[in-house]
Amino acid sequence: MEEKHENNLIASRHADFLPKSYVSFDLEATGNSKFNYMIEISAFKVIDFEVVDEYSSLIRPPRSRKVTKSSRLLSECEEFGDKIYYIDKFIESLTGIDNISIHKAEKEADVIKKFRDFVGDSILVGHGVNNDINLLKDTYMRVFGEEFTNKYIDTQALGVFLDDREYSLVNLCNKYSIENIDTHRASSDAYRTNLCYINLYKDIEAKYSSIPDKLFANWIEDRHNKQNRILKNRTMKSLNAKNWNSHYENMKREDYLALDIIGSSLSFDMSVSSDDFHSFKKRLKKFDIRLHRDVFSNTNFLIVDDIATFSNQSKKLKFDEKNPNLKRVLSFNIKGKKIKVIDKKLLTSKIDYLEEYTARHKFDGLNDELSIEYPSKTKGELVDQFSVLGSKFYLYNDLSTMNSNDLKIRLINDGAEVRDVIDEDLDYIIVGEGRNKNTFYNSEECNRFLEILAYGNDVKLLNEENFKLCINLKVKNTII
């Protein structure tokens, strides 16, 4: 196969050709969504399928956790008189890496700088790399203040392309009679991933008589689009089911107004002054709340100076023109995260309430078991709450049985208001099953929907099936 240097990429950043020169890599992590950092990274530089160099290192994360009575550990270490840890019993048992070794390791910033120098702009080859790539993106943003942009190849995806089977790394090694030694250590996993990639390359080449560049590129794009539709559908259902507005109202009723920020990660937009940032940092220190200036995958809240000003400035802008931190919020939320946008006034109220609440309940730190969850709304509850009369609708496209203009007239006749734009006071967005039914998830309208949800507004997204269900069960004279 002829090596390419300029290739078109789809949004997932997966390379659309199979290289002979690359960097095979793997990493190990803390394995906790609220404390998600790399603890080991390993990489092999490969030229024409020959390993020419290697880089491996343990990593000391930028933060640690204090040992509590509920901590499940095999090892611990001490810092400034406090007992601390980075990984729990499960991760230590899985990897064989202990907390003492991590604490003695090089700092994250030093390791990631060496890794960046080692890999350069090479394509990375890994196995089941989604979490690894997200960790690298977060780390690059935290250390360098820039995006991680290297293209990558996922050997798990290649297994599906070749055999229509999603192999684990162990099973892929078994397929090619590669010995599984020191599994779940970065160096061993990266080395075995390289051997698997070479075998997959040869098998694909043999199956198609040559490396099928165009076929592979189309397959990768189709796979990405399919996964994106599934993920975004799931995300929309989740956002509807666990709408922040409803959750927030429950918290107020049940005296939990500020507990959602305990143990959370807050990212402060540059619209919040440096003085305000440091003032919040001082007040929140005892509640194990992390404060950053950039948005990461584990961010829970983006704090802005004034929500009304921020929203008004953003509402007329296309996605690429929006505030950089807001773009990252929307990009994470479309993948299933639930990052919320609040302003410093609401955060101040939460902190005031939190300080009063903790004093009243003699709360002296983060309880690992503290969790506030409310059940998702069922389809029946969605129907019960549905109303045409007085509601505000936005019609994205045609239904399969009716065009949007006819539907608009009938909704208006039944007492609804139909809007031409998606605003904060909207009640429903209807996405039909017409020819362009899938385009919503890649549209500016979808970005706007996610944005106003992040602000805490109660807007519901209904596909055609749920819309018809609501109409048929709630309205005697159906309009469908």
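A residue is called buried when its relative accessible area is under 20%, exposed when over 50%, and partly exposed in between, with a 1.4 Å probe and protein chains only. By that scale Asp48 is exposed, with a relative accessible area of 53%, and 48% of the 480 residues of the protein count as buried. The model is predicted, so local features need pLDDT of at least 70 and side-chain atom pairs count only at pLDDT 80 or more, whereas totals for chains, interfaces and linings use all residues. Residues are numbered from 1 along each chain as its sequence is written, and side-chain values use heavy atoms, with hydrogens and water left out.

**Overall make-up**

- The secondary structure comes to 17 helices and 17 strands, taken as DSSP runs numbered from the N terminus (helices are H or I with at least four residues, strands E with at least two).
- Where contact means heavy atoms within 4.5 Å, 71% of the contacts between residues at least 6 apart in sequence join residues at least 24 apart.
- The accessible surface of the protein is about 23800 Å², and 45% of that surface belongs to carbon and sulfur atoms; the areas come from the Shrake-Rupley method with a 1.4 Å probe, and for residues only the protein chains shown count as cover.

**Ser24 and its surroundings**

- Ser24 belongs to strand β1, residues 22-29, and is buried, with a relative accessible area of 0%.
- A polar atom of the Ser24 side chain lies 2.6 Å from the backbone oxygen of Ala190, and a polar atom of that side chain lies 3.4 Å from the backbone nitrogen of Asn194.
- Not counting residues up to four places away in sequence, Ser24 touches Ser42, Ala43, Phe44, Val125, Ala190, Thr193 and Asn194.

**Exposed loop residues**

- Most residues other than glycine have a negative phi.
- Asp48, in the loop between β2 (38-47) and β3 (50-60), has a positive phi near 50°.
- Asp182 likewise has a positive phi near 50°; Asp182 is placed in the loop between α6 (169-175) and α7 (186-208) and is exposed, with a relative accessible area of 53%.
- Glu166, found in the loop between α5 (155-163) and α6, counts as exposed at 53% relative accessibility.
- The C-alpha atoms of Glu166 and Thr155 are 9.5 Å apart in space, while the two residues are 11 apart in sequence.
- Leaving aside neighbours within four places in sequence, Glu166 is in contact with Gln156, Val160 and Arg223.

**Aromatic rings and charges**

- The structure holds 22 aromatic pairs, in which rings of Phe, Tyr and Trp (its six-membered ring) have centres within 6.5 Å, planes under 30 degrees apart counting as stacked, over 60 as edge-to-face and the rest as tilted.
- Phe393 and Tyr428 form a stacked pair, because their ring centres are 5.2 Å apart and their planes stand at 25°.
- Phe393 lies in strand β14 (residues 392-395) and Tyr428 in strand β16 (residues 428-431), so this pair ties together parts that are 35 residues apart in sequence.
- Both partners count as buried, Phe393 at 0% relative accessibility and Tyr428 at 4%.
- Tyr22, Phe49, Tyr197 and Tyr201 are linked into a cluster by ring pairs.
- Lys45 lies over the face of Phe118, 4.7 Å from the ring centre, and the charged end of Arg142 sits over the ring of Phe296, 5.4 Å from its centre; a charge sits over a ring if NZ of Lys or CZ of Arg is within 6 Å of the ring centre and within 35 degrees of the ring normal.

How values were computed
Polar contact = N/O pair within 3.5 Å; in protein donor to acceptor, adjacent residues only side chain to side chain.
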